[in-house]
Amino acid sequence: VSVFYGLERMDLMATTMVLQSLVKGVAAPLLVIRGFGVDGAIYGHLLAASAVSVISVVLIWNYLRGKGDAEGPANVEPLNDMLRMGFPLFLTTFVMNLNVGYQGVLLAWFTNNVAIGNWDVAKKFLSLVSLFTVPITSVLYPAFSKFNFLEQPDEIKALFRSSVRYATIIVIPATTIMILLSVQGIGFLFGTKYVMAPQFLSIALLQFLAVGLGSLSVFGLLNSQGDTATTFRLNAVSAVLSIVFCTALTWRWGVPGLLVGLSLAAMAGSTLNLYVVKAKYGIGVDMTHAIRVAVFSLLAAVVTGQVLRFFLGSSVLVQMAVGGLTVLGACLLLAPVSKSLVAGDVATLRRVLQREQIIYPLVAPFLALEEWIIGLLP
């Protein structure tokens, strides 16, 4: 996957990831149904990873062989440079994984199995946010890597601000929708037994509000400039903040305390990250825009909440449909009205999405609606 990112072959990356999900999604349930139980789920996971690993190697080999025939052997960075950049990233992953393990220990110490089970259900929905965040973070590293800050500071500054702007206007409304429909979504898939899960999900989603502070863009910038040592230091500080907040709050309030601690650590860590980027590179974010997005998302949530009151006796599917359409319509109206989305933003989104022949026809009517609303505004 990293090779595909570096080669900017997002099509091959997407193909392998989709194949892995398909193989796992088919093999694991079949093996469970055939009586293998938990072992079957593990075998399905291993089968998917193994199959896609082989496919990926073949794809990379064919690609590099073709490039070699056409352009000669590709230059390979010296191993010491790779280690210099890569080792801090390894340490970062190691520290963050230790932090996640420590959170599990805290839950075992200070909560019960029922609360942990509800949190596990909530985490399955929390992963839906990755549908929006992972594509953004994935493309930012190769995008930033096209520029050298010493030679092209203006281009990097513009790219950073734009990435934060568009990430904010996508992730915060999406987070709002998930908070609004947490009860209905969890009830639809898991029934009404997990009464604490919607509350846990709503609290956990608050950590994604840090996107307005550049949480999805900072490390792509630092890593693209070879500043992985700073990446490690900032992540280490974030891990310490998480341990301090989560320990104190989980001991007092259990799972909700853990989730509040994670959100506080995310906001504090993102604020520090932004301060360091500002000090080293002179790059900041448009906080006014982030506040506007937060305000219109909150207003959309209030409107949707009032509408849903008239459908409390309806089925979960009806409530999800009504809530989703209402919050979408409210966001489409309030985004241009609040100046969170301007004509230049719509033009940029249209230019980018026109390359996607499958997605663009679906979003083109919404872009046209936004242009029409912007045209009506003074």
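Reader: Which hand is the crossing where H4 passes H8?
Author: Right-handed. Helices are DSSP runs of H or I, at least four residues, numbered from the N terminus.

Reader: What sort of model is this?
Author: A predicted one, where local features need pLDDT of at least 70 and side-chain atom pairs need 80 or more, while totals for chains, interfaces and linings use all residues. Numbering starts from 1 along each chain as its sequence is written, and side-chain values use heavy atoms, without hydrogens or water.

Reader: What's the mean pLDDT of the protein chain?
Author: 90, with 97% of residues at 70 or more. pLDDT is the predictor's confidence per residue, from 0 to 100. Over residues 69–74 it falls below 50, and that stretch has two contacts beyond near neighbours in sequence. Contact means heavy atoms within 4.5 Å.

Reader: Back to H4 and H8. At what angle do their axes cross?
Author: Roughly 55°, and the axes come within 8 Å. Axes are lines fitted to C-alpha atoms over the stretch in contact, with angles from 0 to 180 degrees between N-to-C directions. H4 and H8 are therefore oblique (under 35 degrees is roughly parallel, over 145 roughly antiparallel, 65 to 115 roughly perpendicular, the rest oblique).

Reader: How many polar residues in that contact?
Author: One, beside eleven nonpolar and no charged. Ala, Val, Leu, Ile, Met, Phe, Trp, Tyr, Cys and Pro count as nonpolar, Asp, Glu, Lys and Arg as charged, the others, including Gly, as polar. Trp-119 and Phe-125 are among the H4 residues, Phe-200 and Leu-201 among those of H8.

Reader: New topic. How do H12 and H13 cross?
Author: At roughly 145°, with axes within 9 Å. The crossing is right-handed. Its contact has twelve nonpolar, four polar and no charged residues.

Definitions and conventions
Helices (H or I, at least four residues) and strands (E, at least two) are DSSP runs, numbered from the N terminus. A crossing is left-handed if the near helix is turned anticlockwise from the far one by less than a right angle, and right-handed if clockwise.
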